[in-house]
Amino acid sequence: MKIALGVTGGVAAYKAAELVRRLQQEKLDVQVVMTRSAQEFITPLTFAALTGKKVITEMFGERDASPANVESAIEHIAVAQRIDLLLVAPATADILGHFAHGIAGDFLTTLYLATKAPVVVAPAMNVNMWEHPATQSNLAALRARGVHVVDPDEGYLACGMTGAGRLAATEAIAKKVLSVLGLRHDLEGQSVLVTAGPTCEDLDPVRFLTNRSSGKMGYAIADASVRRGAHVILVSGPTDLRIPESVDWVPVRTTEEMRTAVLERCGEANIVIMAAAVADYRPAASQAQKLKRGDAGLTIELEPTPDILAQLGGNKGGRTIVGFAAETERIAENARAKLQRKGADIIVANDVTQEGAGFDTDTNIVTLFLRDGREIPLPKLSKFDVANRILDQILTLRAS
Ligand code: PMT
């Protein structure tokens, strides 16, 4: 993931170098942006050496209309779109005031206005400046706007005074960044097997039965699990999606291939999440040659496919098994029936007729059905957030 680290002008600016290192340990790609006054305290060269990247120090380059300069003039937009988070540490009273009032006079303030990524600020300043009503009211405005604030520590300050205003510890800032990015490490040591996408059942060498699954839900679960520290095996039907980093990707096509892969690999997993839209039926016989067109109608005999989830649910061992239910009617009744029939610990039911839910959307609206009778409805969330809520529930179950 990519983050921009804004460094502003305070004595604590040197601590931003240690912060860069700490964030890199979390495999975050850090682009440093410095204000003019920050450069009075520490040189861009330090950050360039640490990140291996040019540090952004100016809004505009030379005064010419060369393509390179035009590019640099709109670079804040490109950076704004590229980053997953903007962190400002140390954040001076001045930068908080600019952010709070939307005054965009340099690269960092313009980046703040231009980005839709979450913003974290770690203020550091003299105690009187920190306590000043203007600073506190700017912070309140920023907090109300969703900006995350890592409050400064109390202690001896560079100005010789004692009180609140010292930049928070590197670890506290890193922890906030990871939590805002959804990068908790609470699945470390766990192995998660996820199924995703559709399966395809051949009628003949050129035609097959399939469904509308894009794989987005399952890939989001794989992605979220990896980010939280799990080892992930992703058994995937055909999709156009980018394979999430660091997953053990097992491509399959048919239900039979998915079943073989899941049964072969489930021994390695203590959590199995079946988000794939597995075909319930397949042609009883696949034709070796392309079916020819004729004048009469064509009837194709279908047979049920093996139920992979039910097979796993019948032989759970110490595993937590989560199934999905794609429903179009009587959601709760059908989901509860699946919970029992398939022996799952949780069924994640989605009404695929709802706007923003189900197939090939970036969001989903689900209810979690648990074996103890609880139903946990979730609002419309991105599939990544749905994935994290499912993982939270799995961890709660495993801890009880
Ligand atoms: O991939 P997306 O475009 O992001 O869409 C997401 C989704 C709609 C596919 C997903 O949210 C979802 O609902 N997945 C389950 C789809 C499905 O097959 O539901 P089902 O109710 O038919 O099956 C119930 C459960 O049994 C599922 O966990 C399924 O993986 C499993 N199953 C089904 C049939 C079969 N032969 N073997 C199985 O293991």
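User: Which helices and strands each supply at least two residues of the lining of the largest pocket?
Analyst: In this predicted model, where local features need pLDDT of at least 70, side-chain atom pairs count only at pLDDT 80 or more, and totals for chains, interfaces and linings use all residues, they are α10 (216-227), α12 (308-313), β16 (320-327) and α13 (331-342). Residues are numbered from 1 along each chain as its sequence is written, and side-chain values use heavy atoms, without hydrogens or water. Helices (H or I, at least four residues) and strands (E, at least two) are DSSP runs numbered from the N terminus.

User: Which one gives the largest share?
Analyst: β16 does, with 4 residues of the lining.

User: And what volume does that pocket have?
Analyst: The largest pocket has about 860 Å³, and among its 39 lining residues Ala276, Ala277, Val278, Asp280 and Ala326 are the closest to the centre. A pocket here is an open set of points on a 1 Å grid where a 1.4 Å probe fits, with protein on both sides within 12 Å along at least five of seven lines, and lining residues have an atom within 4 Å of a point.

User: How does its lining split by class?
Analyst: The lining of the largest pocket has 18 nonpolar, 12 polar and 9 charged residues, with Asp, Glu, Lys and Arg as charged and Gly among the polar ones.

Methods:
Points joined across faces, edges and corners; volume = space filled by probe spheres on them.
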